[in-house]
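Reader: I'm new to reading protein models. Could you pick a single part of this one and take me through it closely, then show me what else is worth a look?

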Amino acid sequence: MDPAKKQEIIDDLVTFSMGRDYYLKIGKPWKRGYLLYGPPGTGKSSMIAAMAKLLNYDIYDLELTAVSGNSELKQLLHNTSNKSITVIEDVDCSLDLTNKREKKKEEDKDKDKEDEESNGDSKVTLSGLLSVIDGLWSACSKERIFVFTTNYVEELDPALIRRGRMDKHIEMSYCCFEGFKVFAKIYLDLESHELFDTIRHLIHEVKVSPADVAENLMPKTIERDSQACLQNLIKALEKIKEDE
């Protein structure tokens, strides 16, 4: 991730964790929501792990499709502890949580409402999730974070990701040259190399995920030949450019 963007997120998290008196003063629950969105392999899950490590919070991984209904969801969320991050990954893949409902014709809305009422708590619904989240926020005073991840932010219902629920939207994008340099330092202990300029030009011309960059930089032999690793990445970037 770009260092400036990374620092912005760190500052936001630290400010939140130290905000007890501020939230009490303004009369708002001490909570914050983060939406992480972007293509697969761009580090959304890694970002959550980094957030938890930075703040020393517990992580609850909530799989909505495994929850039987709104009542069970309410019980699960109320059992989470303070100083925790509740994560719903790939929220766009969960039932009844996308903006497809907005695309329905007006005359279908009454039927949808009747179906929902007849189904009762047979499955988690968008309205149920929003109700539980808002109720949890109103009931708790201690620090809690919600994180949603998605590969397709445009598919999500606006009500789910509005400010106040998902306060900070973080785009996890393709790898930039600054991101590559971080990988080179960690994986190869390199801060500069004659091949860096070639990689700089290529990485600006193609869309490559951080996961792909990391894999290509991973040493494949015991000798850990840095030159070979950089050449592997260059070949991968050139292949992507050809395919595009």
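Author: Happy to! Two strands count as paired if DSSP finds at least two bridges between them. Keep in mind that this is a predicted model. Let's look at strand S5, residues 168–171. S5 pairs with strand S1 (residues 31–37) in the parallel sense, over four bridges. For one of the residues involved, Tyr34, the bridge partner in S5 is Lys168.

Now look at the two faces of S5. In a regular strand, side chains alternate between the two faces of the sheet. Lys168 and Ile170 make up the covered face of S5, while His169 and Glu171 lie on the uncovered one.

Most residues other than glycine have a negative phi. Lys83, in the loop between helix H4 (70–78) and strand S3 (84–88), has a positive phi, near 50 degrees. Lys83 is partly exposed, at a relative accessible area of 45%. Asp90 sits in the loop between S3 and helix H5 (109–119), and its phi is also positive, about 50 degrees. Asp90 is partly exposed too, with 34% relative accessibility.

The largest nonpolar core has 22 residues, and Phe180, Val213, Leu217 and Leu230 have the most contacts inside it. Helices H8 (177–188), H9 (196–205), H10 (210–217) and H11 (226–243) each give two or more residues to this core. A second, separate core holds 20 residues, including Leu77 and Ile88.

Key: Residues numbered from 1 in each chain as written. Predicted model: local features only at pLDDT ≥ 70, side-chain atom pairs only at ≥ 80, totals over all residues. Heavy atoms only, no water. Buried < 20%, exposed > 50% of the residue type's maximum accessible area, 1.4 Å probe, protein only. Core = buried A, V, L, I, M, F, W, Y, C linked by side-chain atoms within 4.5 Å.
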